[in-house]
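Q: I have just opened this one and would like a walk through it. Could you take my questions one at a time?

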Amino acid sequence: MNPSISLCCRVRPAIRAATPSRRYASTSASPKFAKNRWLGFALVSAAAAGAGAYIRSQGPHSGTLNPDTFTKYSLVSREPVSATSSLFTLRPRYPSDSNYDVYEDAWRTGVWSVMFKQPQLQIGRDYTPLPTTAATSLSVDEENEGYLRFFIRKDPFGEVSRYLHRLNIGADIEMRGPQIECAIPQETNDVLFIAGGTGIAPALQAGYSLLSRTTSEHRPRIHILWASRLREDCIGGVSDTPKAPLHRSWFSGWFSSSDSASSSTQAVPAVSPKQATSLIVKELEALKSQYPGQITVDYYLDEQNRFIGKQDISKFIESTRPSDGSRKSKLIMVSGPAGFISYMAGPKLWAQGRELQGPLMGVIKELDLKDWGVWKL
Ligand SMILES: Cc1cc2nc3c(=O)[nH]c(=O)nc-3n(C[C@H](O)[C@H](O)[C@H](O)COP(=O)(O)OP(=O)(O)OC[C@H]3O[C@@H](n4cnc5c(N)ncnc54)[C@H](O)[C@@H]3O)c2cc1C
């Protein structure tokens with residue numbers, strides 16, 4: 001396996017984004033690591049496709065999402081998923097027929113995000129729109145009007161996530177995008193998505209984008225390993241793979257003992273009958289019903305001392321079809337807090353104001369998976 005993964009291409013902002021403490025990050029160009037250039041090319045094509053919809057969308061008072069200016073949305077609802085996370089539904093403040101095209105281009109491409117602005121502090125943070133599934137509470141009209149949904153964790157000390165959780169229903173939220181985080185090549189057949197916490201949002205996107213390419217000849221497959229700290233986030237979720245022996249926590253490996261202690265004492269309120277199945281689990285189940293046999297999910301819960309281990313990864317890898325040798329057909333994606341990504345695949349790096357993928361390290365490097373491309377989100 002190539003020890004490094006390249007590439008391109010997110011240019012940031014006239015507004016302050018998160019410092020390296022953020023939970024996921026962008027991708028960045030590095031000519032040194034040319035082997036995986038296909039991902040870079042795919043990103044450039046995606047940007048071009050997005051630009052088309054964007055140019056069509058521009059008017060003096062555009063209500064169309066675009067990557068250069070902030071567009072106003074209104075907060076329609078905020079439904080708690082767990083004590084620390086909620087599902088946000090937003091609708092464009094002003095009607096625009098072009099949002100459909102802008103979103104479609106992004107969905108067809110792969111994993112994408114938008115940046116929300118905190119207007120008092122003039123800072124921005126990235127969030128991942130959830131795909132529309134049969135479990136989604138949106139009506140067809142709402143979808144056509146360009147509603148977007150987000151799964152957002154409230155960081156107890158975080159500026160923007162706390163701001164979003166404080167907003168009144170009906171309040172304006174300004175966002176810009178779409179920003180392509182990872183274009184999934186058309187040739188991709190198998191994806192292993194390793195998600196920590198709200199890293200499940202890009203996993204849902206990857207599943208939606210990949211599986212919507214299904215034809216009678218092409219039946220791609222995605223396996224999601226989702227690690228959660230809180231039971232409520234994934235309540236009702238049943239793993240597709242029979243349980244393996246317990247593994248050591250990446251949290252305990254990464255954080256100091258005091259951090260581990262505080263996470264284990266985090267309050268988990270009783271779950272009401274209404275919340276018996278997490279909204280996110282419902283989304284995953286809906287994708288499973290839509291694409292039977294093509295998406296499988298395994299749940300890992302800190303409270304149950306269940307953590308993603310090497311054999312969970314290798315079990316799926318061994319079950320996949322032989323590679324065509326191109327490294328475009330098999331892709332591992334890792335998304336979640338910085339410590340989680342680092343433990344699984346090594347840290348991303350900052351250089352010359354850009355965030356790079358950095359060398360492949362951690363659990364995935366140790367597995368030495370020759371045919372697989374790896375992408376850190
Ligand atoms: C592409 C992408 C997609 C994302 N999608 C989602 C999503 O769908 N859902 C989601 O919930 N999140 C998502 N995130 C993460 C999100 O962008 C934010 O990083 C997250 O919400 C925290 O932002 P914040 O402003 O609330 O916290 P921040 O203010 O950025 O603080 C984060 C943490 O860092 C600590 N901190 C801040 N400054 C310092 C300092 N100087 N020294 C030490 N510690 C410090 C804070 O105490 C806090 O605990 C995504 C990130 C990216 C890059």
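Q: How many aromatic pairs does a search of the whole structure find?
A: The search finds seven aromatic pairs, where rings of Phe, Tyr and Trp (its six-membered ring) pair if their centres lie within 6.5 Å, and planes under 30 degrees apart count as stacked, over 60 as edge-to-face and the rest as tilted. One of them is formed by phenylalanine 116 and phenylalanine 150, which are edge-to-face at 4.9 Å centre to centre with 75 degrees between the planes.

Q: Before we go on, what kind of model is this?
A: This is a predicted model, in which local features need pLDDT of at least 70 and side-chain atom pairs count only at pLDDT 80 or more, while totals for chains, interfaces and linings use all residues. Residues are numbered from 1 along each chain as its sequence is written, and side-chain values use heavy atoms, with hydrogens and water left out.

Q: Back to that pair, then: which strands hold phenylalanine 116 and phenylalanine 150?
A: Phenylalanine 116 is in strand β3 and phenylalanine 150 in strand β5 (residues 148–153), so the pair links distant parts of the chain, 34 residues apart. Strands, like helices, are DSSP runs numbered from the N terminus (helices are H or I with at least four residues, strands E with at least two).

Q: Is phenylalanine 116 buried or exposed?
A: Phenylalanine 116 counts as buried, because its relative accessibility is 0%, and phenylalanine 150 is likewise buried, with a relative accessible area of 0%. Buried means under 20% relative accessible area, exposed over 50%, and partly exposed in between, with a 1.4 Å probe and protein chains only.

Q: And what about the rings of tryptophan 226 and tyrosine 299?
A: Their centres are 6.0 Å apart and their planes stand at 55 degrees, so the pair of tryptophan 226 and tyrosine 299 is tilted. Because tryptophan 226 lies in strand β8 (residues 221–228) and tyrosine 299 in strand β9 (residues 295–301), this pair ties together parts that are 73 residues apart in sequence. Both tryptophan 226 and tyrosine 299 are buried.

Q: Which residues do ring pairs link into a cluster?
A: The cluster consists of Tyr103, Trp107, Trp112 and Tyr208. Tyr103 and Trp107 are among the buried residues of helix α2 (residues 99–109).

Q: Let's switch to β3: how many of its residues are buried?
A: Nine of the nine residues of strand β3 (residues 110–118) are buried, so the strand is largely enclosed by the rest of the structure.

Q: Which strands does β3 pair with?
A: Six bridges join β3 to strand β6 (residues 172–183), the two running antiparallel, and five bridges join β3 to strand β4 (residues 123–127), again in the antiparallel sense. Two strands pair if DSSP finds at least two bridges between them. Valine 111 stands opposite cysteine 182 in β6, whereas the bridge partner of valine 114 is tyrosine 127 in β4.

Q: What is the strand order of the open sheet?
A: The six strands follow the order β4-β3-β6-β1-β2-β5, with antiparallel pairing, and the edge strands β4 and β5 each pair on one side only. At the β5 end, strand β2 (residues 85–92) and β5 pair in the antiparallel sense over six bridges, with isoleucine 152 in β5 as the bridge partner of serine 86.

Q: One last thing, what residue takes a positive phi in the hairpin of β3 and β4?
A: Glutamine 122 takes a positive phi near 55 degrees in that hairpin, which has four residues between the strands.
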